[in-house]
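Below is a short briefing on one protein chain. It covers confidence, then the sheet, then the helices.

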Amino acid sequence: MTKKKCYAITSFDQINEIIKNRKNNKKIIIIYLKYSIIDGFGIDWLETLLKIYQSKSRKNFIRFYIDCNNNFGLSIMIMKKGIDYIKLKSNPIILNKVNQIAHKNKVVLNPNFDVVDLSKNKDINKEFE
């Protein structure tokens with residue numbers, strides 16, 4: 001079984017290029033944001049990013065996959081913002097408790113995706129062929 005792809009971005013322009021270059025308009029795009037980006041810019045920046053893409057393109061199906069590293073408080077705050085996928089590292093007891101909260105908020109905890117880093121790929125068009 002093939003895994004779903006998600007695209008790791010480092011700039012706002014890369015999201016716009018992904019939307020512009022995709023071939024299948026009904027296909028869901030999953031954007032991966034690293035912990036360093038979220039920790040640096042904060043949750044307010046993430047919430048603004050979500051609002052921009054919800055208002056900008058209702059027909060484009062964009063979902064976000066956020067890396068929370070070991071930050072449990074960040075993961076719980078992000079769950080309330082409407083994120084679909086969260087990556088969290090911890091021991092099984094804490095993961096079980098956070099997974100219960102995620103289940104109530106309809107968030108998938110630690111999904112199994114292939115992450116494609118777009119900062120290393122020069123040609124984004126090849127990814128969408």
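**Confidence in the model**

This is a predicted model. The chain has a mean pLDDT of 84, and 85% of its residues reach 70 or more.

- Among the elements of the chain, the lowest mean pLDDT (81) belongs to helix H1, residues 12-21, and the highest (94) to strand S4, residues 85-87.

**The sheet**

- Six strands form an open sheet with parallel pairing, in the order S5-S4-S3-S2-S1-S6.
- Strand S5 (108-109) and strand S6 (113-117) are at the edges with a single partner strand each, so one side of each has no neighbour in the sheet.
- S4 and S5 run parallel and are joined by 2 bridges.
- Ile 86 has Leu 109, in S5, as its bridge partner.
- Helix H1 lies across strands S1 (4-8), S2 (29-33) and S3 (62-67), and runs at about 165° to S2.

**Helix H5**

- Helix H5 (residues 92-104) has 13 residues and reaches 18 Å from its first C-alpha to its last, close to the 18 Å expected at 1.5 Å a residue.
- Its buried residues are Leu 95, Val 98 and Ala 102.
- Viewed down the axis of H5, these buried residues fall within an arc of 70°, so they line one face of the helix.
- An α-helix has 3.6 residues a turn, so residues three or four places apart point the same way.
- The buried residues of H5 pack against helix H4 (72-79) and strand S5.
- The face of H5 turned away from its buried side carries the exposed residues Ile 93, Lys 97, His 103 and Lys 104.

How values were computed
Residues are numbered from 1 along each chain as its sequence is written. This is a predicted model: local features need pLDDT of at least 70, side-chain atom pairs count only at pLDDT 80 or more; totals for chains, interfaces and linings use all residues. Side-chain values use heavy atoms; hydrogens and water are left out. pLDDT is the predictor's confidence in each residue, from 0 to 100. Helices (H or I, at least four residues) and strands (E, at least two) are DSSP runs, numbered from the N terminus. Two strands pair if DSSP finds at least two bridges between them. Contact means heavy atoms within 4.5 Å. Axes are lines fitted to C-alpha atoms, for helices over the stretch in contact, and angles run from 0 to 180 degrees between N-to-C directions. The expected span of a helix is 1.5 Å times one less than its number of residues. Buried means under 20% relative accessible area, exposed over 50%, partly exposed in between (1.4 Å probe, protein chains only). The arc is that of the directions from the helix axis to the C-beta atoms.
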